[in-house]
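Please look over the sequence and the model below before reading on. The notes that follow are grouped by topic.

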Amino acid sequence: MNLSRVLTARFAALALLGASAWACGSGAAWAQAAKTAAPYKLRIVGGLAGINQYTRQEEPFWSKDLARLSGGKFEAEIVPFDRAGVPGGEMLRLLQLGVVPLGTTLMSSFSAQYPEYTAPDLAGLNPDIATLKSTVAAFRPYLEKALRDQHGVEALAIYVYPAQVVFCKKPLRSLADLSGRRTRVSSSSQADFVGALGGIPVLTGFAQIVTSLSAGNTECAITGTMSGNTLGLYTMTSHLHALPVTWGLAVFAANQAAWEALPPDLRALLRRELPRLEAAIWEEAERETADGMACNRGAASCTGGRKGNMAIVPVSEQDEKSRREILASTVLPRWVQRCGPRCADIWNRTIGPVRGLVAAPGK
């Protein structure tokens, strides 16, 4: 590999970090830092700002728990990636280069370059969190090996966000009623799902959901049960469909060289504690999914959000049938078309057997 090209890419990535470059560092810097006296300070790029996964779990773990667990020997600073000047789509590349030694990357951001990594959260694949857990468990060995072998990145944890559901301005009796409606989506997979229902998918960033609904550019929006509540969608929409279209997965990972340069006892501590953080985040996502539903409909059990007065549309037998049919006939085949024949093989070796669904090789 041409060294000048590597360095050019490295400095270009550093420039992307701008004024927030304090949150990152090179593998060489980590190796040097490993020789210094305690407390040894890590620099972490975390998940999305303002989301409970970050504020209740990630941030406290790194800023408080690490020092407590290590008796003050190790400390960390953390910044959410969307406030660190780090483009979400570049995070895997920055981890690979070592510009970000340890960071969280949304798996949906892999869609353009590495669509094979988005397989565990295809639209319509996981109608509940128990199914999602088994899907991720089946795919995880492949993902960890691929990241290590192809990118020099060590996957240390897989996080999940709450269920992504459909909010609509007008009455909604079933998924079929999305036909003809302009619906906010955040991924190609969601777009395939909405399109198969006869809806009109509109790719819209999370920060633009309210503006888009207010301007009439969209009539419905797929987003998290609680994040939708936080945005105030309960004041803008009247109906919420209970089916999780997708969830939202993220990988917490390390540049391999940076990881191996860490003190052995710190690596051991993280190997022990990060699975516990991961489990806590999954529990939080499950609670928040239910609490978001409760808050949007104004139930007394609402604790984490603001009470609305939305109608919750339960998942009917026909909705469940539509989910399975659309996954098999549209979502999975189109993912294979974008991803290539190799991805059909990956699917059939990992997720396919546990979901009872075979992917035909794309052309």
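What percentage of the 363 residues in the protein is buried? Buried residues make up 54% of the 363, where buried means under 20% relative accessible area, exposed means over 50% and partly exposed lies in between (1.4 Å probe, protein chains only). The model is predicted: local features need pLDDT of at least 70 and side-chain atom pairs count only at pLDDT 80 or more, while totals for chains, interfaces and linings use all residues. Residues are numbered from 1 along each chain as its sequence is written, and side-chain values use heavy atoms, with hydrogens and water left out.

**Overall make-up**

- The protein has 13 helices and 11 strands; helices (H or I, at least four residues) and strands (E, at least two) are DSSP runs, numbered from the N terminus.
- Of the contacts with a separation of 6 or more, 72% come from residues 24 or more positions apart, a contact being heavy atoms within 4.5 Å.

**Nonpolar core**

- In soluble globular proteins, nonpolar side chains tend to be buried together.
- The largest nonpolar core here has 105 residues; such a core is a set of buried Ala, Val, Leu, Ile, Met, Phe, Trp, Tyr and Cys residues joined through side-chain atoms within 4.5 Å.
- Helix α10 supplies the largest share of this core, nine residues.
- The residues with the most contacts inside the core are Leu 42, Trp 62, Leu 270 and Trp 347.
- Leaving aside residues up to four places away in sequence, Leu 270 touches Leu 42, Phe 61, Trp 62, Leu 66, Trp 259, Leu 262 and Pro 275.

**Salt bridges**

- The structure holds 20 salt bridges, each a side-chain nitrogen of Lys or Arg within 4 Å of a carboxyl oxygen of Asp or Glu.
- Lys 41 pairs with Glu 75, with the closest N and O atoms 3.9 Å apart.
- That pair links distant parts of the chain, Lys 41 being in strand β1 (residues 40-46) and Glu 75 in strand β2 (residues 74-80), 34 residues apart.
- Lys 41 also meets Glu 77 in a salt bridge at 3.4 Å, N to O.
- Glu 77 is in strand β2 and Lys 41 in strand β1, 36 residues apart.
- Relative accessibility is 41% for Lys 41, which counts as partly exposed, and 29% for Glu 77, also partly exposed.
- Glu 75 is partly exposed, with a relative accessible area of 29%.
- Asp 192 and Arg 338 form a salt bridge at 2.9 Å, N to O.
- Because Asp 192 lies in helix α6 (residues 188-196) and Arg 338 in helix α11 (residues 317-339), this pair ties together parts that are 146 residues apart in sequence.
- Asp 192 is buried, at 7% relative accessible area, whereas Arg 338 is partly exposed at 39%.
- Shared partners join Lys 41, Glu 75 and Glu 77 into one salt-bridge network.

**Helix α6 and its cover**

- The buried residues of α6 are Ser 189, Gln 190, Ala 191, Asp 192, Phe 193 and Val 194.
- Their cover includes β5 (164-168), β6 (182-185), β7 (200-203), β8 (220-224), β9 (239-246) and α11.

**Packing of α11 and α12**

- Two packed helices are described by the angle between their axes and the distance between the axes.
- The axes of α11 and helix α12 (residues 341-349) come within 6 Å and cross at roughly 130°; axes are lines fitted to C-alpha atoms, for helices over the stretch in contact, with angles from 0 to 180 degrees between N-to-C directions.

- Asp 291 sits in helix α10 (residues 264-297).
- Asp 291 is buried without a salt bridge, and the nearest side chain of opposite charge, Arg 56, is 6.2 Å away; Lys and Arg count as positive and Asp and Glu as negative, with His and the chain ends not counted.
- Beyond residues up to four places away in sequence, Asp 291 touches Met 226, Ser 301, Cys 302, Thr 303, Gly 304 and Gly 305.
- Glu 283 is also found in helix α10 and is partly exposed, with a relative accessible area of 47%.
- Glu 283 and Pro 162 are 121 residues apart in sequence and 9.8 Å apart in space, C-alpha to C-alpha.
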